Every structure is written in C-alpha cells, then in structure tokens.
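Hi everyone, thanks for coming.

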Protein chains: 2
Amino acid sequence: MLNVLSLDEALEKMNNLCRMQVLPAETAPFGQSLGRILAKDAVCTENVPGFTRSTVDGYAVVASDTFGASEAMPALLRLAGEVQMGESPDFEIRPGECAAVPTGGELPRGADAMVMLEQTEPFAGQMIAIEASGAPGRHLIFAGDDAKAGSTIVPAGKKLLPQDIGVLAALGVVEVSVRKRPAVSILSTGDELIDPAGTPRGAQIRDVNGPTLAAACTQSGADVAFVARVPDDRPVLLEKMKRCAQGSNLLLISGGSSVGAKDAAADCLAELGEVLFHGLAVKPGKPTFAGTIGKTLVVGLPGHPAAAFFIFQLLVRPMIEALLGQATVRRTANAMLTAAIPSNGGREEYVAARFVGGGVEPLMSKSGLISVLSRADGYIRIPRDAEGIAQGETVEVFLFS
Amino acid sequence: MLNVLSLDEALEKMNNLCRMQVLPAETAPFGQSLGRILAKDAVCTENVPGFTRSTVDGYAVVASDTFGASEAMPALLRLAGEVQMGESPDFEIRPGECAAVPTGGELPRGADAMVMLEQTEPFAGQMIAIEASGAPGRHLIFAGDDAKAGSTIVPAGKKLLPQDIGVLAALGVVEVSVRKRPAVSILSTGDELIDPAGTPRGAQIRDVNGPTLAAACTQSGADVAFVARVPDDRPVLLEKMKRCAQGSNLLLISGGSSVGAKDAAADCLAELGEVLFHGLAVKPGKPTFAGTIGKTLVVGLPGHPAAAFFIFQLLVRPMIEALLGQATVRRTANAMLTAAIPSNGGREEYVAARFVGGGVEPLMSKSGLISVLSRADGYIRIPRDAEGIAQGETVEVFLFS
C-alpha cells in the first residue's frame, strides 16, 4: 500500500528530521564565505564607525556659530587646525573656531556639524568665511551609526552575500563560523540510461537526472559526494544505496520509483531503513518517496527529468536548506497570466512559466520536458481544488535559481 | 571640469566598449559549467527523445481498436509482446494486438496510444481486456518532442542553470563552449584604510570595499585577479594602476574619487589612459568616474561602501555581463511601499529596500551604510524629476543577488 502525502505534509515530516541534524559549524576565511550559511550571529564588538566622521569635504563647526550665515552675511571662524585622513585630530574646536575636515575624516571634539567646502571662502589671517547655516548633526555619520557594539549585525542562518562580506570586514570578523555543506549522493536508476557522452542505441537514453540534480545540489549549497547510474538490478541497487548512505547526509535516487515492475528503490529503502511516505499528491511528482537509512535522509525522485527537477525544487532544496540551518527565502514575483492553465483538480499541480513582456506565460507540456525548464524562469502553483487558472489572472511565480 | 553623465549615458558608453571586447570562448566539461555563460548556441543534432515513448506503465494499442471500450464492454486485444526498458521493440503492433510497455519504454511501431495498466485486465490465452478508450497520442512523448534536430536548445549568452546542464546532458553536449571569466583587479585607496584583520587606531577604518567588491565580482562571474589597499600617494597609485591594467580586463578603484584634495585616481587615469566621464548624476555615486588604460576598462567608485556597492550593481555588473556576452536579466518584483521616500529631485536616486509582510520597506540612511545593504533585498529607483514616492504606492524593486 502506498502512503501518499500532500507536499506540505511531506515537507513538514522531512524538514523536522533535517532540523534535528543541522550540520556542524566550521571556520572559513570571510573572503571565501560567499554563499555559505552563517552558523552564529555576527555580533558587533565595537561601534562602527568607531568615531564620528564627515560625509563631505569642508569645515567642522559649532553649529550655533553659523546660524543665519549666508553669502551676504558670512560667519567668520578661526581655523583651529586641519584633520588628516586616517588620523585622529589632536585638537578640539571651541566656539568661534572651525577645522578643515576631508570626506571620511574624523570630526574634532567640540564640533557638531560640517559645512560643505562650496559654502565657504578662505579669508584673511587664518579666518574662514562660512556662508551657510550649519545644523547640528549635518553631514555627519556618528560613531555606532552603522552598527552599535553588542548588536547582531548578520543573523545566523543567513546566506552570505557580497554586502554581508562587507559588513564582516567592517567588524573585523575575518574568520567566519559557517555550516558544513551537506554531502549528497545521487543515483540514477534504469537499464535504459547511458552516460551523456555516449550515443543512445535502440531505446537507450542519456542520463539527465544525474548531472541536473548534481548541479542543483551545488547551486543549493551542498557538496556532491557521489553520482552514478545503477541498472535495474536489485542486489546492485541495494549495495549502492547501502554504501552511499554511509558517506552522505542525503541520498537522492531518481527513477525506479513508480509502482509496477520497478519500485525496487523503495523496496531497497524498506529493507535498509525506513520508508516514511511513498507517493506525493502533487503533479508532477506522484511516485516520489522518502525515508531514512540510519541518519541518512533518502528521497526517491521520479525518473522523468522535469518531474525530478520539480521535486528537487519543492522538497529536496528545502531539506538541504534545513540541514544548513538556513533561513529560507522563496523568491516570488506576481505577474499576469498570458494564457489559461487547464487543470483536472484533485492534485496540487506545478506548471513551469516564463516572463514575457509584462506577463507570465505558462509552459505547458504533457510530460514536462527538461527543455521546457531550461526556458522557464520559475513555476506557478495550482491549488488542489482549483480547476485551472484563467488568462489575465495575477499569479505568484516562484523563481528558479 | 567634470564631465558628468546620467547613469543611462554612462552605461551606454561603457557597455559599447565592453561589447567590442567580449571575452573569448573556452571549453569546459558540461558538469562544471554551472553559472558559466554559454558562448555558442547549443544546437540539437538529433531528435530528443530519439523515439516515441510511453509516459505510463500499460499497453500500447491501436487507438481505434479501443474506441468505446469500458469496464462493462472491454476491447480484447492479443498480447503481441513485451517491450523491455532500454531496448527497441523487435516487433510491431497490428490491429487487434497490444504490447506491454513500461513508463519510458519505446512504443512499438503500429501502435499510436497507450492505455494505463489500471484500465486493463489480463484475460485468458494471451489476451488483454482494455477497459477504457484510447485516444491517438495519449500518454506518449513523441520523438523530437523535447527538442527537434537542428533547433537551438540553449541560446548563446545564457547563464547556465541546473536545468540547462540537464538539457546539455540530454543532447550529449559534454564539452561546452563558455566565455572566459573577465579578470578584475580591485584597488581600495585611502591612507585611513587598514586590513580587516587589524584593529583601527585613531581615525583608521577597515577596508570594506576591497572584500565587498571582490565578492560581488565573483558572484557576477568574474575572476578576481588582484586586490590591494593603496595609500593616498600619487606615485604609488600610478604604479599600481599601471601594473593592474596590464593583467586585467577591468580595474576597479574605490575611494579617492571625490573632487578636492583626493582625486588622484582620476588624475592618474588621465595620465595613463583616457577619462571618459567624471561624475554621475546619481545618488549615491556622484564621484564615479570611468575610462580606459589601453584596452583595460577602469571604473573609479566612491569610497563610501554603500555608494560603491550601488555603483557596482548599477554600472560595473552590467559591464561584466557585457564582457561575458551575457543576456542580462534584471530580476524585479513589484510591491507596495510601506513608508514614503522623500527625495530632493534633480538627481536619479537609488534607495535600498527590504520585503516585509506583503510590502517593501525603504531602508533610509543619510549615508547609505553597508549594514543597511546587508539587510536589503534590493533597491528602488527614484526618477530624476520625482519628488520622492508616497507610502502605499506600488514600486518596482530591483533584486540584489
């Protein structure tokens, strides 16, 4: 008997398992942590910036000295000193004084505003004519404005982007605690499968799922430990699954999962470990199954490349993210449907789609071929009880990548 | 005198230069080409699939034999043979006959439809009871359905995603022609800059732009050839720029580009090559300049980390994409603004933003600090003549990543 689940039920079951075995942290140089998942909150140990600095080239002033100043009625202030870039001023400003400060330079104590160079004029005898009113805090970045000491500046679970690398640099966090990448093994099953380098004879076909799933795992932040084709030979499959389970956090098996002569993979899983569900109420992806061999998570994906890719996106990718302790963000975009999507209802359905002009075009295909996915920007979800979606309706598009 | 351009003018000027020196192609194994840019159309040399195959487990039939068949009135067909997975059938189907075919198996000649196993029943003496009407073409993928011989299946200029890797596998394209990655050198200028591993003394600050721009280049598909800090010392800067230009397709220099004591980098560029513009009518990013040293493209970015990052996104990333011959796709999403964005007008303005609930929140900061960008999902563009955008308006968000 099949134990068929909805996608949400399957996701909850598998994600709960993944969250119980989030991968350990390891240390990486911050410059090599792009795309890795931060394992611990990055906490600020000091104010950033550490001092109040100017955002313009000009003069540091006591703002009240300049109230009402204009080109016709400049305020005349004594030049008390010049701040050098990268150096802390060794003097302070008193009322009636000003100091030259470059962009990014430290504000001398006593000053509370900057006046831009363009609104000043050198005057005789070390005096500067200030031709505009300064307001307290004007043209300044205060100490701690960017990040206050003690505050979390990049939260654990975040996938590190270039701007996060920048924040880590600003904080001096040059060694970063990131999650180890999950090790994934991938088995493509089927007597008909040949290496993509080969030329199919008779009814042979090239293995598409092996390379596609490997690339999708890499893109999702996993390490691909092992990829192989396995014939429809139960003892061979059993042996391969056993071996792969030992060295991997996650084992993906494509093909061989439809009910009939070929559910050998699910049988092997039952023998080696535990089947948690067999069958998903999702189109495409019905023959999906999953379970565990020891602590290794196992997912059986459909043999059809497009169906396998959808199940990767819908189920496997969230599992990898859960193993990484990643805060998952699904990117979506709303767009108007350029053509109706018919649906029989009864099963949740996912349809590939691409953006065209201002709208989104469903890429219909009776079998969901991989070439369709290559043209797709994402997919549209059709709820279980909907009878399709009409042309012109606004739909949410879940973006691939 | 500054030669100030709008962003569009600057982009057109720089992209035209980049398109004249698109990088040469090189060969990569298809399994290692994830994220690379395809240099030549991938053309199908054969039909994919190469034969017509079944999408279900069941029986291949001549559809007209089954018209009107039902559970009460089954059509009785003689079992002519069984198709094995991965093998071409050595028999054909005549009217009155059927053949067992597994999911993915090749349809025997003579048959034009499949009937699902669940709608059949074995009968006495090699006869099969077909209990449903077959329609021609039902449950079949025809030869060439996925890709027809001679058709372009992945176009040149596409960034290869996992599903493209799958298409290349299906076609047997195991060596892929991809663009070489542009070599980029990055110089952070300023006496105040120290290594991120150090502890700032006085008015020193850690170099944020070097690591941020390096990660952003990597993310954009470039190779980072060289990253260094350079003091505000003209002869040193001149020498570094000269050296970097020799080994790089693109040289990025941050800081030292505002008018005043510190426009040494633009002066050096004028001495070593040609300045094409100095000043962008964009906020943030006004002090941006660009030009060439020989064939090497040079961009001077603002010293402020957030401004530098914006200019990378707005100007440098498109240039890298042009050097890669990449078909550029800017991901955008529409969302409702949760707070008003004030603007002085007069300059095109870019504001970082993050998605919250169903809307998008502008992340205002007088100086555009890097920690703000770390929290941002993308940015909002405010046109030159707009006086800000009101709360509740729907805006287009350009996504980072």
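Before I talk about domains, a word on the term: the domain bounds come from an automatic or database domain assignment. What we have here is a predicted model, where local features need pLDDT of at least 70 and side-chain atom pairs count only at pLDDT 80 or more, while totals for chains, interfaces and linings use all residues. Residues are numbered from 1 along each chain as its sequence is written, and chains are lettered from A and ligands numbered from 1 in the order in which they are written.

So, how far apart do the C-alpha centres of domain 1 and domain 3 of chain A lie? They are separated by 67 Å. Domain 1 covers 7-23 + 181-323 of chain A, and domain 3 covers 53-141. Chain A also has domain 2 (25-47 + 160-179) and domain 4 (332-399).

Next, two helices of chain A. Helices (H or I, at least four residues) and strands (E, at least two) are DSSP runs, numbered from the N terminus. Helix α3 (residues 209-219) of chain A packs with helix α6 (residues 305-323) of chain A at about 20 degrees, their axes 10 Å apart. Axes here are lines fitted to C-alpha atoms, for helices over the stretch in contact, and angles run from 0 to 180 degrees between N-to-C directions.

Who makes the contact? From α3(A) come A:N209, A:T212, A:L213 and A:A216, and from α6(A) come A:P305, A:A308, A:F309 and A:F312. Contact means C-beta atoms, placed from the backbone, within 7 Å. By class, that gives 6 nonpolar, 2 polar and no charged residues. Ala, Val, Leu, Ile, Met, Phe, Trp, Tyr, Cys and Pro count as nonpolar, Asp, Glu, Lys and Arg as charged, and the others, Gly among them, as polar.

Now to where the chains meet: 74 residues of chain B are in contact with 74 residues of chain A. On the chain B side, α3(B) gives the largest share, 8 residues. That side divides into 36 nonpolar, 26 polar and 12 charged.

Finally, a sheet in chain B. It is open, has 6 strands in the order β16-β13-β17-β21-β20-β18, and its pairing is mixed; strands pair if DSSP finds at least two bridges between them. β16 (223-230) and β18 (274-278) of chain B each have a single partner strand, so one side of each lacks a neighbour in the sheet. Strand β13 (residues 183-189) of chain B pairs with β16(B) in the parallel sense over 7 bridges, and B:V184 stands opposite B:V224 in β16(B).

Technical notes
Contact = placed C-beta atoms within 7 Å.
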